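Dear colleague,

I am passing on the structure we spoke about, and my notes on it follow below. Please read them with the model open beside you.

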Amino acid sequence: MILNKIIKILLIEDEEYDVKRVRRTLEPFKDRLVIKKVESDGQSALEYLAENKNLIDVVIMDFQIVGGITGESLIKAMKEIDSLLQIIVITKMTVNVTDYDFANALLEAGAMWYCTKYPGDIEDFIYQPTDFILSIMNAYHKKHILIKEKRSTAKLKSNVQEILENNRIIGESQSITKLKNQIEKAAAQEATVLVTGESGTGKELVARHIHYLSNRRYEKYVTINSGSLPHELIESELFGFEKGSFTGANYSKVGLFELANRGTIFLDEIAELPLSAQVKLLRVLQEGEIDKIGRTEKLNVDVRIIAATNKVLQEEIKERRFREDLFYRLNVVTIYVPPMRERTEDVPMLVEHFLEKFCREMSLAAPQIKDEAVLYMQKQPWPGNVRQLQNVLRRLLFLGVNVITRQDVEQALGGAQQTSSKNGNSFEWNRHEILPWRDMEKKIKSEYFNFVRENCSSDSEAARILGLAPPNYYRMCKELGLK
Ligand SMILES: Nc1ncnc2c1ncn2[C@@H]1O[C@H](COP(=O)(O)OP(=O)(O)OP(=O)(O)O)[C@@H](O)[C@H]1O
Ligand SMILES: [Mg+2]
């Protein structure tokens, strides 16, 4: 309730008679509308504000005062000291009340409201009291809305900062530097982006960076993996449906494109998108319209699309699995993420980063790693790229050694490439650490899922090889903490 608050006022007025008139006008509310200070010139007012930061809520200033700094320049200078200050200007009757240029100049300088003083023979009031008092209250209210707004923008900003910080792109090689530049350029535009590159190179990471560095960063970032859903569900997932549009549609469903309105949608594994959904996607790209099932009126959306694939789309086009027109629409800006074997100088940094991260997550003391071990890692082909490196490092931490040697790395890599170590499993079973079956089952499953995923080019392929329906595969990956 604004009326309960104490509003602190600075009055800038050089005529004693008008100071009295302002006081009288505020008289009925003098407990809540408190004139903290009266200054008769601009310079002293500025000094007072600078010395009493954040004390004053509302300034009431006469436009025609004597002395150096007055009018618009005084308003601007006060706003510079405290951008949240609300300024009410009172002017002499001589100012034409319908002079809009004058009013406009005041507002542009940063005033919140202005009024022309009553003629001098009205001793009791400076202006119509209820209007004057209400304007002061409105000014105070505006200040508080601005404070709230500032707080929530600061919160959003720090959330975005946090996301970027937690998803840093590690590496200083030439190709990573080039990649970072490409990301920045893409973020500054609105164009559709196609991210390509082998499995595990960081395509998803790139897409996330583009969104969180773009003007859309405070809006939604929605991701969908085209390989994760059965074909018959994908269209309703992407575009939604209206209630009653088909048997069983007992409710209407908001599609992901509608959900991502004003934001970005990341379409991962785009090559897996069925042809019928490709047609609908093309329409979104061409018209900005979505084909919501069962809806007759147009539904416009403003969504930026980032797509990713580890397939060569030109090949898919040849095989008639991917529409050529869609390819050209998606391929406006292309970002290629190079495989890890082409940027081996980044391996030490990546190793250090992930070891530190995983140890923090698992509350472990970080082991030392021998140079020969890192060197050995730099020489590996890494078909599963950064994801494979992460898994090897997790496996190494699992060994629980204080110093990681080249042999340890060989063994951990072998775990990935030949499934098993000497005991037929990649865990060192230890009789002092016998786990309940439920925990061991989870470990074995996640080890095996990781191994299969590293040896497949995509999640869809991994699901296929494991004989799992894609949604089940995704659910299991989530349960195992792999997604
Ligand atoms: N340069 C990098 N710095 C830090 N982490 C990285 C880097 N590149 C990839 N990663 C991490 O590696 C993992 C795999 O990356 P990501 O999921 O983005 O790969 P992808 O190219 O989308 O793979 P896929 O084609 O298999 O979907 C993620 O955990 C990601 O955060
Ligand atoms: Mg991915």
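This is a predicted model, and I begin with the ligand. Of the 16 residues around ligand 1, those that come nearest are I170, G202, K203, E204 and V386. Two elements, α7 (203-213) and α15 (385-399), each give two or more residues to this shell. Sorted by class, the shell around ligand 1 consists of nine polar, four nonpolar and three charged residues.

The position of the ligand can also be described by domains. The domain assignment of the protein gives domain 1 (2-150), domain 2 (167-338) and domain 3 (341-479). Since domain 2 and domain 3 both give residues to the shell around ligand 1, the ligand lies between them. As for the remaining domain, the C-alpha centres of domain 1 and domain 3 lie 67 Å apart.

Next come the sheets, beginning with the one that contains β1. Five strands in the order β2-β1-β3-β4-β5 make up an open sheet with parallel pairing, and its edge strands, each of which pairs on one side only, are β2 (33-39) and β5 (113-116). Neighbouring strands here are turned against each other by 20° on average, direction ignored. Within this sheet, strand β1 (residues 7-12) pairs with strand β3 (residues 58-62) in the parallel sense over four bridges, and L10 has V59 in β3 as its bridge partner. Helix α2 (residues 42-51) packs on the sheet, where it touches β1 and β2, and the direction of α2 makes about 155° with that of β1.

Helix α2 also has a helical neighbour to consider. The axes of α2 and helix α3 (residues 71-81) come within 10 Å and cross at roughly 10°, which means that α2 is roughly parallel to α3. The contact brings G42, L46, L49 and A50 of α2 together with L74, A77, M78 and I81 of α3; by class, it has seven nonpolar residues, one polar residue and no charged residues.

Strand β7 runs parallel to strand β10 (residues 264-268), and five bridges join the two; V222 stands opposite I265 in β10.

How values were computed
Residues are numbered from 1 along each chain as its sequence is written. Chains are lettered from A and ligands numbered from 1 in the order in which they are written. This is a predicted model: local features need pLDDT of at least 70, side-chain atom pairs count only at pLDDT 80 or more; totals for chains, interfaces and linings use all residues. A residue is near a molecule or strand if its C-beta atom, placed from the backbone, lies within 6 Å of it. Ala, Val, Leu, Ile, Met, Phe, Trp, Tyr, Cys and Pro count as nonpolar, Asp, Glu, Lys and Arg as charged, and the others, Gly among them, as polar. Domain bounds come from an automatic or database domain assignment. Two strands pair if DSSP finds at least two bridges between them. Axes are lines fitted to C-alpha atoms, for helices over the stretch in contact, and angles run from 0 to 180 degrees between N-to-C directions. Two residues are in contact if their C-beta atoms, placed from the backbone, lie within 7 Å. Angles under 35 degrees count as roughly parallel, over 145 as roughly antiparallel, 65 to 115 as roughly perpendicular and the rest as oblique.
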